[in-house]
Number of protein chains: 2
Amino acid sequence: MTYGWAGEVVINLILLFEKDFINGNKSVRIRGRRYRHITEVQRIAVGDELTVGLGNGPLGKARITHRSDDALEMDVHWEGDPPPAVDGIFILALPRPPVLKRVLAAVTSMGIKRIYLINTQRVEKSFWNSRALKEEAIRQQLILGLEQARDTVLPQVVLKPYFKKFVQDELPALCQGRRALAAHPGGDQPCPRSVDQPFVLAIGPEGGFIPYEISQLQLAGFSIIDAGRRILRVETAVAFLLGRLLNP
Amino acid sequence: MTYGWAGEVVINLILLFEKDFINGNKSVRIRGRRYRHITEVQRIAVGDELTVGLGNGPLGKARITHRSDDALEMDVHWEGDPPPAVDGIFILALPRPPVLKRVLAAVTSMGIKRIYLINTQRVEKSFWNSRALKEEAIRQQLILGLEQARDTVLPQVVLKPYFKKFVQDELPALCQGRRALAAHPGGDQPCPRSVDQPFVLAIGPEGGFIPYEISQLQLAGFSIIDAGRRILRVETAVAFLLGRLLNP
């Protein structure tokens with residue numbers, strides 16, 4: 001696979017969905033964003049091959065058979081499984097919209113399949129009205145994360161706008177059989193390494209959880225961990241802590 | 001310390017410089033960005049205390065003694081060292097400007113003090129003319145990273161626009177006594193964990209190093225590592241790999 005470059009993020013896999021198929025399950029026709037990416041960024045032409053994946057399905061290769069002004073047709077064959085999913089649940093205090101977008105794509109690229117966006121005291125109320133929370137906007141970021149990481153399995157994203165209700169009524173069951181970690185500056189212990197059991201990782205908002213929230217998380221079985229003396233931005237903390245936690 | 005919130009990133013420390021001092025070394029007067037942050041985001045008033053640091057110096061506390069329409073005066077006392085620096089050199093293929101900004105702040109927040117921005121085949125030439133590379137623009141991102149992490153020591157950033165010259169003439173000396181790791185999808189081994197010796201970590205551009213560059217890095221003593229089967233964006237990879245590498 002060759003890469004072109006036009007100052008844009010390179011997609012490492014083109015994700016295909018059922019609606020893209022034209023002749024049974026062997027050929028697809030794609031337009032729009034993926035068409036422009038392949039022709040303008042990757043500069044791939046008829047006859048070239050590229051990496052594709054089927055949404056929630058296998059990885060494969062596609063050979064471009066036809067190009068028009070606004071569509072590409074490709075013959076597809078499937079040849080392998082996507083990378084293994086991470087058996088971790090990620091809980092994040094809803095960040096401001098541009099951060100949310102980047103974090104959703106980043107967490108998806110690292111293999112997390114269950115994401116909860118929760119409210120906390122220091123989450124700005126208006127964030128809950130953001131367009132970045134619309135189903136289609138969230139899905140777009142998940143797809144970007146999958147395309148980046150050469151994965152196909154869409155994460156599930158759940159919105160939980162009531163902290164107390166979520167933490168008291170749902171969180172204990174979610175944590176069953178999992179190592180539960182909440183990241184907070186000045187935590188009781190450093191983030192553990194290379195955890196070989198299922199986990200739940202919770203990260204607070206800029207400014208942190210408030211003491212009441214920390215005590216509620218502890219009641220739900222969470223250990224309070226940190227990334228050392230340094231306080232990291234949400235986007236940095238997510239990848240830093242997952243890099244430390246994930247095994248391998 | 002209390003935090004306000006106005007949808008902006010919270011500064012965890014106000015960084016002070018020699019030019020801010022008014023009465024010997026006990027009082028400062030600040031304006032502009034820091035003034036606005038303290039009054040509008042943190043909503044701190046006369047009499048309140050906040051965390052400060054002296055550029056390349058100690059941490060401390062400051063109590064606000066006077067506020068006018070465009071300036072704050074504070075009495076300062078020093079009370080501790082900044083967090084220990086990471087003994088790692090970070091080498092990054094120059095990314096597009098918005099990514100560069102975020103990565104500089106993030107790497108600084110994680111404690112790296114020596115950053116080399118290098119050219120590679122897949123770095124877009126125009127990136128070298130970006131305003132994000134001007135000294136003042138770089139310094140601004142470094143300060144944001146320090147304020148985020150409650151650190152005071154400004155990293156050194158060096159631009160190396162000639163790959164071959166840098167890798168052949170300078171890199172071997174830089175790597176002396178250090179574990180040298182270059183991250184590349186499909187690397188020979190996974191990124192090591194919790195490295196307890198000085199290191200050099202090199203990360204390529206979106207699209208990766210080309211084979212010639214990989215072989216040059218190997219000649220300079222680098223091991224080629226990866227973050228698993230998943231290909232991560234530069235911003236994610238930096239924090240993910242540092243989370244894995246850093247000890248503690």
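In this predicted model, the centres of domain 1 and domain 2 of chain A, taken over C-alpha atoms, sit 33 Å apart. As for where the domains run, domain 1 of chain A covers residues 14-80 and domain 2 covers 86-245. The two do touch: 9 residues of domain 1 of chain A are in contact with 7 residues of domain 2 of chain A. Sorted by class, the domain 1 side that touches domain 2 of chain A has 4 nonpolar residues, 5 polar ones and no charged ones.

Next comes the meeting of the two chains. Here 37 residues of chain B are in contact with 37 residues of chain A. Looking at the chain B side, the elements that give two or more residues are α2 (97-109), α3 (135-149) and α6 (234-245) of chain B. Of these, α6(B) gives the most, with 7 residues. For the complex, the predictor gives an ipTM of 0.93 and a pTM of 0.94.

From α2(B), the contact is made by Val99(B), Arg102(B), Val103(B), Ala106(B) and Val107(B). Helix α6(B) answers with Val234(B), Glu235(B), Val238(B) and Ala239(B). Split by class, the residues of this helix contact come out as 7 nonpolar, no polar and 2 charged.

Finally, a word on confidence in chain A. The mean pLDDT of chain A is 92, and 96% of its residues reach 70 or more. Residues 1-7 of chain A are another story, with pLDDT below 50. Even so, this stretch has 16 contacts in the model beyond near neighbours in sequence. Where pLDDT is low, the predicted coordinates should not be read in detail.

Methods:
Residues numbered from 1 in each chain as written. Chains lettered and ligands numbered in written order. Predicted model: local features only at pLDDT ≥ 70, side-chain atom pairs only at ≥ 80, totals over all residues. Helix = DSSP H or I, 4+ residues; strand = E, 2+ residues; numbered from the N terminus. Domains from an automatic or database assignment. Nonpolar A, V, L, I, M, F, W, Y, C, P; charged D, E, K, R; others polar. pLDDT = per-residue confidence, 0-100.
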